[in-house]
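Subject: Model for your files

Hello,

Here is the model I said I would pass on. My notes on it follow below.

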Amino acid sequence: MLDAAMLDAAVSAWFVVLQPAVFGALFIGIIIGTFIAIAPQGLGTPLAYSLLIPVAVTLPPPVAIALLLGMDGVTSFGDSFLPVLFGIPGGAGSQAIILDGAPMGRRGEARRALGAGFTASILSALLSVFVWILAVPLIGSILPLIGSPELFLLVLWGMSMVSVMSGSRPIKGLIVAAFGLLIAVVGMEPFTGVERFMFGQLYLLDGIDIPVITLGLFGIPAALNLVVRRIGKEQPAVKLVGSLWEGIKDAFRHLRLVIQSSLIGLLVGFTPGLGAFIGDWLAYGFAAQTCKGARETFGTGDVRGVIAPDAANSALDCGALIPTTLLGVPGSLTKAFFMLALIMMGITPGPDLFTKHLELLFVMIWVMFWASLFGGLSCLIFIKPFAKIAELPYTILTPMIVGFGFVGAFGTNRHEGDLFVFLLSGLLGLVMMRYGYPRAPLVLGLILATLLEKYLYISTQRYGFAWLGRPQIMILLPLVSGLFIYTLWKGKQSMKHAQEMALREEHAADPPGSQQGSSERGLK
Amino acid sequence: MKMLRRIRYIKFGKVFTLAVLLVGIGLASDLCAGDAPEVAERVYTAADIKITDAQRRAAEGFYRGKTIEWVSYTNPGSGTEMMLRIMAKYLPKYIPGNPRMGSVQFMRGGGGLLSANFLYSRAPKDGTAIGQISAGTHRAYIFKRKGVEFDLNKFTWIANYLPQNHRLIYTRKGIGVDTLEQLMKAPRVNMGVTEVGHNFYNEMRLGIYLLGFKFNIISGYSDKEIDLAIERGELDGEVDAADSFLVEKRHWLEQGKVVLHWMSEPGRFRKLPNVPTILELAKKYTNPPFGPKDLALMQTNWDLGRYARYLAMPPEVPVERALAVQEAVGKMIEDKEFFQEFSKLTGFDAEFTPGHILLETFRRLSDQPKENLELWLKLTGPEPLPKR
């Protein structure tokens, strides 16, 4: 149970979140997150993070957290618009929704499908927040057993996400992740002051700014992709008709399914490496096997086929924050971005956040609570104007992305070198898309490299190679290795499965293995 | 009676001579050990800035309605940026004419050199730009590192607002090093630090060099991770700023969880008067005995480690504006509300050191013999230390 210090932190964090600046930032985050999720092709949370991090880190930590998590927390809600209205996947975790969401949309039940999905998402997110609160004292009790060697292993476990992000291209994913690790070592090595790969350039002394790289890597290809695919001009949406209220009632009618799918999502989210691409499929598959008559109706427009993946997707998003914040292991790519923001704010996720910034930890929890509640409710209330965002033409979006990209890249350090890195990363992103190299593992490599190197260095300096013989390591090492191999295998399996399922839908032509989802299609 | 008187005189004369001799020997030994400047701490205030009313009026005329831009070497969101944010809130109140505080230009990179170069040559020289200069900047200048495009002596130095002049070396209890003698005999003591070359790292290396401690210095931790690592037994101790130690870890001291070994400065720290200084220990324990070369090394370490956070303006800023801003920084630090907020949010007590004192220190460092600087460089590097 929560002890007195935790209760104290939880209560004071509640009031911190209610401060006008924090709550205001939360709302701005929700608006940005909704826009990002609904905008054509689902511009992607990584891009939103890349644009927001340089701004967020200049704000006081609670305000920055509210802005970032407000944005991140709401994307899982908005993810349903594109599958239902266009029959294309929105975010990473909204692939399975297409199977039943798109047929419902086509037969005039778009509002019902969205209503059911949003309600299931709200319920699921609130349940996840509750589980997160319970996890705080639970993980707190094992923290004293976690030293630098164990942290090294946990971060290594986080690297297993590469297999998921790479989909059916694990070797390419590993190559890209290794490249990310290589870029991350540029600059002065912080432990001994040795200069690495600087080529005499003073600009490189402190390393390359990760947000600048990710801005280029995701921003430029996303903008060009919109132009190539001419979204908003050539892809008409289905009509937004049907009963929203009926959808809300559907979610409550299938409350057991919501809870069941939420638990699946939470479990997947909590296990680093499984990632967003499996959660909705697992929940969908499980629902197909356990719901009455599902075998006949799933895939033809059954509302349960929308509720299950939506609930799982929402729970997964929140569940991934548990290892990210409490253990310092990113539960998903977007949470790796969140982790990066925390590190840039001087807050190291994991034991440090847990013990020294307990109030901030609870700020995150309450922000997620409010983001889920307001995000879901606003989707329900403003369903019509939000649906219009999905039809925004590329002629508006492309200049916006490019403009924000340039401002974001230069604004970080106001150094012309950053603009060069931004453009170079954009070029790299385009080449990677063209030749089928997933970009997400590169970001993961960049973000986790520092932590991996640090914990390995400290462990070896402190214990020599004796750290490999620590009891915790003896338990964790086979566990982590096993999970790594499992996720690699499972990732490949689920990709095959997803492709088979997706073929049943004429619009779902994109292999869900890629983190960028459909946004990559246009340039291939 | 005469005899008696003579004996008394003789005895008094002998005792007097003996006493003079003893005092002389004592003084001589101290002189041999070097001129240890065990002076009381000089506390500076805004009153130390000699600015006339006419100069203040001239500055007021200039600053009214103006906006001051900041240039900082740090990351947005870092602890140093937090300090800047608090100062930007309070400083305008004390600058004549109450200028507005504009945006902060974060110029991370080059270990602080990029922002220093920018401030030196590209920032406006009229007094509307203030730079937060990294502690590594003057080291880079003194050691003539690549990328330095400024003359340190030509900056308009405003103040140092955060002295780290009292660094404390401590270990946790229960590892068998409860006394200094035990610490000297301990075969391996795991000490944590953020990075090689940090002031705290240099302090430990000085201990190894002078007193032969067997410290296994493990770098790479963040400040807070060190505390956690000490709590879980991964580390045995660390060096910390004494002020922040007394704010953040006082409970460790009160619960008897730590042993304090020494302080870094030549004079004892007024808040921990029972903790000896490294100078005292070096005089007592070094073998071969403590000499002028050791003292020179210590002096360099004091000078390079004493001031940790500087404010400066570009060169050629009109004197009255520079003085007005210097005085404003002094007044701001004397403001109780500022002091409390700064202390609460950063964990440090702000302290004012005027720009001319900084300049004196930098000049002293620049004028040092080359071999002393080289020895100090070895002290702060990752390679094994040379023998004394």
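This is a predicted model: local features need pLDDT of at least 70, side-chain atom pairs count only at pLDDT 80 or more; totals for chains, interfaces and linings use all residues.

The axes of helix α4 (residues 61-78) of chain A and helix α20 (residues 358-381) of chain A come within 8 Å, and they cross at roughly 40 degrees. That angle makes α4(A) oblique to α20(A). The crossing of α4(A) past α20(A) is right-handed. On the α4(A) side, the contact is made by P61(A), P62(A), I65(A), A66(A), L69(A), G70(A), G73(A), V74(A), F77(A) and G78(A). From α20(A), the residues include L360(A), V363(A), M364(A), V367(A), G375(A), G376(A) and C379(A). By class, the contact of α4(A) with α20(A) has 14 nonpolar and six polar residues, with no charged ones.

A second pair in chain A is formed by helix α7 (residues 110-142) and helix α12 (residues 244-253), which pack at an angle of about 40 degrees with their axes 7 Å apart. α7(A) and α12(A) are therefore oblique to each other, and α7(A) passes α12(A) in a right-handed crossing. Here α7(A) contributes R111(A), R112(A), G115(A), A116(A), T119(A), A120(A) and L123(A). α12(A) contributes L244(A), E246(A), G247(A), I248(A), D250(A), A251(A) and F252(A). The residues of this contact of α7(A) with α12(A) divide into seven nonpolar, three polar and four charged.

Next, the interface between the chains. The contact takes 40 residues from chain B and 40 residues from chain A. About 3,100 Å² is buried between chain B and chain A, and carbon and sulfur atoms give 48% of that area. The count of salt bridges between chain B and chain A is one. In that salt bridge K454(A) pairs with E225(B), and the closest N and O atoms are 2.5 Å apart.

Two points of backbone geometry in chain B remain. Most residues other than glycine have a negative phi, and most peptide bonds are trans. The peptide bond from N287(B) to P288(B) is cis, with omega near 0 degrees. P288(B) sits in the loop between α11 (278-285) and α12 (292-306) of chain B. N98(B), a residue other than glycine, has a positive phi, near 45 degrees. N98(B) belongs to the loop between α3 (79-94) and β2 (100-106) of chain B.

Regards

Methods. Residues are numbered from 1 along each chain as its sequence is written. Chains are lettered from A and ligands numbered from 1 in the order in which they are written. Side-chain values use heavy atoms; hydrogens and water are left out. Axes are lines fitted to C-alpha atoms, for helices over the stretch in contact, and angles run from 0 to 180 degrees between N-to-C directions. Helices (H or I, at least four residues) and strands (E, at least two) are DSSP runs, numbered from the N terminus. Angles under 35 degrees count as roughly parallel, over 145 as roughly antiparallel, 65 to 115 as roughly perpendicular and the rest as oblique. A crossing is left-handed if the near helix is turned anticlockwise from the far one by less than a right angle, and right-handed if clockwise. Contact means heavy atoms within 4.5 Å. Ala, Val, Leu, Ile, Met, Phe, Trp, Tyr, Cys and Pro count as nonpolar, Asp, Glu, Lys and Arg as charged, and the others, Gly among them, as polar. Buried area is the accessible area (1.4 Å probe) that two parts lose on being put together, summed over both. A salt bridge is a side-chain nitrogen of Lys or Arg within 4 Å of a carboxyl oxygen of Asp or Glu.
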